[in-house]
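Trainee: Could we go through this one together? I'd like to start with the charged pairs and then move on to other things.

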Number of protein chains: 2
Amino acid sequence: MAMEHTAKAFDEDLQELARLVAEMGGLVERQIVDSVDSLIRRDINLSARVVATDVELDKLQHMIEERGVLTIARRQPMAVDLREIVGALRVATDLERMGDLSKNIAKRVAALDSDFHPLKLIRGLEHMTDLVQSQVKAVLDAYAAHDVPAAMVVWKGDEEVDAICTSLFRELLTYMMEDPRNIGFCIHLMFCAKNIERIGDHATNIAETVFYMIEGQPIGASRPKGDMTSFSSTSSVG
Amino acid sequence: MAMEHTAKAFDEDLQELARLVAEMGGLVERQIVDSVDSLIRRDINLSARVVATDVELDKLQHMIEERGVLTIARRQPMAVDLREIVGALRVATDLERMGDLSKNIAKRVAALDSDFHPLKLIRGLEHMTDLVQSQVKAVLDAYAAHDVPAAMVVWKGDEEVDAICTSLFRELLTYMMEDPRNIGFCIHLMFCAKNIERIGDHATNIAETVFYMIEGQPIGASRPKGDMTSFSSTSSVG
């Protein structure tokens, strides 16, 4: 009877943790979209809202950490149950970082005072953001459903995001070389693209956490890398 | 007698955690210096070593997480003891991120094939790195000594790092506007400077963790911000 009571209380703790992670995940998905939207539409109000909302994400992460740790201390779970809680803590850490990166994008909106905004570049950034957002959604669904194959699809899909980022960097460089007046704007877009790419990296981190939670060991094979932005794209014209 | 035994075992667990965090901290300090050194001296071998060493940091972080969580489950510590373990987990997460950022700097070395490297820019980057490295060292010492005032000195000192970064960005922009052939090199240096600035941000995170560990509550006042790189420096000339 006492054991049953403990098991029930533990299940409730786990459900509450999962609920908080889902809440945080939903908020982060919106932050990603809103930050890039605010940049593209130069919407200062929306960008200010993204920056303000980031505080909530930090609070949620600390709440998840606190609840998770207290659950471990009270219920002394072992093996698979313990991994479940550690998984929630890790996912919350990645979500908090994603929120930070979105905030960094939104903070650039106020600086974008140039009239220069070629549609092709904007479309590239939007395409990249759509892809990353769908990666984030898919990996959070995989986390909630404990679905390792679905998580592995996200893990492998990061290659495409990196490839788009590299090609966007090349285009931005061309614009900068053509006319020095484009440099300021293009640098902002480069930092934004890099931030979105890194949000994608955190989605793959979450995919790895799903693997670890279910399989009980860290993922073995190394992640495919298509990102060459730090290796070649800028130097080739530098 | 049994309680004494438990207390002694718990103390040993804590000491082991502190030892692992110190080992990780020492490694990260070296990674920061080596990554910027490899960039300035264009030393491909050194940069490859930084990239390879990052794997060790990831392993150490997971080891700290695992030990910390097992200690919580086994010893069921409360209040201050629990915060001590949560603090170790948080510091390890920040150190792992600092390692990642150093790796990102080192990965750019292979791409720097231009002959252009003005001494003034290099000195600026070195100065910023020296400052951040001393911040990292100081905050790890404060963490080891449970010294809140020392941690607060680091917390406030981040303003200077951000100011140097902003001024370095301005100079880089000038070089880019002057001659498009400098653009590739300058962009690499911008991303490196941004990475170093963000390593500094993680040092202030650790300062906040020290405060939380000792005081039992999150730090209240907001951190002074001198970083305007995402607000104005590029747009003003863009």
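Trainee: How many residues apart are Glu197(B) and Lys194(B) in helix α6 of chain B?
Mentor: This is a predicted model, and in it Glu197(B) and Lys194(B) are 3 residues apart in helix α6 of chain B, which puts about one helical turn between them. The two form a salt bridge, with their closest N and O atoms 3.7 Å apart.

Trainee: Is Glu197(B) buried or exposed?
Mentor: Glu197(B) is buried, because its relative accessible area is 2% and the cut-off for buried is under 20%. Lys194(B), at 11%, counts as buried too.

Trainee: And which residue does Glu16(A) form a salt bridge with?
Mentor: Glu16(A) pairs with Arg67(A), the closest N and O atoms being 2.9 Å apart. Glu16(A) sits in helix α1 of chain A and Arg67(A) in helix α2 of chain A, so this pair ties together parts that are 51 residues apart in sequence. Both also belong to a network of salt bridges that includes Arg19(A) and Glu23(A).

Trainee: Switching to cysteines, how many disulfides are there over all chains?
Mentor: There are 0 disulfides over all chains. Cys186(A), for instance, is in none, and the nearest cysteine sulfur, that of Cys192(A), is 12 Å away.

Trainee: Last topic: how do the axes of α5 and α6 of chain B cross?
Mentor: They cross at roughly 170° and come within 9 Å, so α5(B) is roughly antiparallel to α6(B). Their contact has 24 nonpolar, 2 polar and 7 charged residues.

Terms used. Residues numbered from 1 in each chain as written. Chains lettered and ligands numbered in written order. Predicted model: local features only at pLDDT ≥ 70, side-chain atom pairs only at ≥ 80, totals over all residues. Heavy atoms only, no water. Disulfide = S-S within 2.5 Å. Axes fitted to C-alpha atoms, helices over the stretch in contact; angles between N-to-C directions. Helix = DSSP H or I, 4+ residues; strand = E, 2+ residues; numbered from the N terminus. Parallel < 35°, antiparallel > 145°, perpendicular 65-115°, else oblique. Nonpolar A, V, L, I, M, F, W, Y, C, P; charged D, E, K, R; others polar. Salt bridge = Lys/Arg side-chain N within 4 Å of Asp/Glu carboxyl O. Buried < 20%, exposed > 50% of the residue type's maximum accessible area, 1.4 Å probe, protein only.
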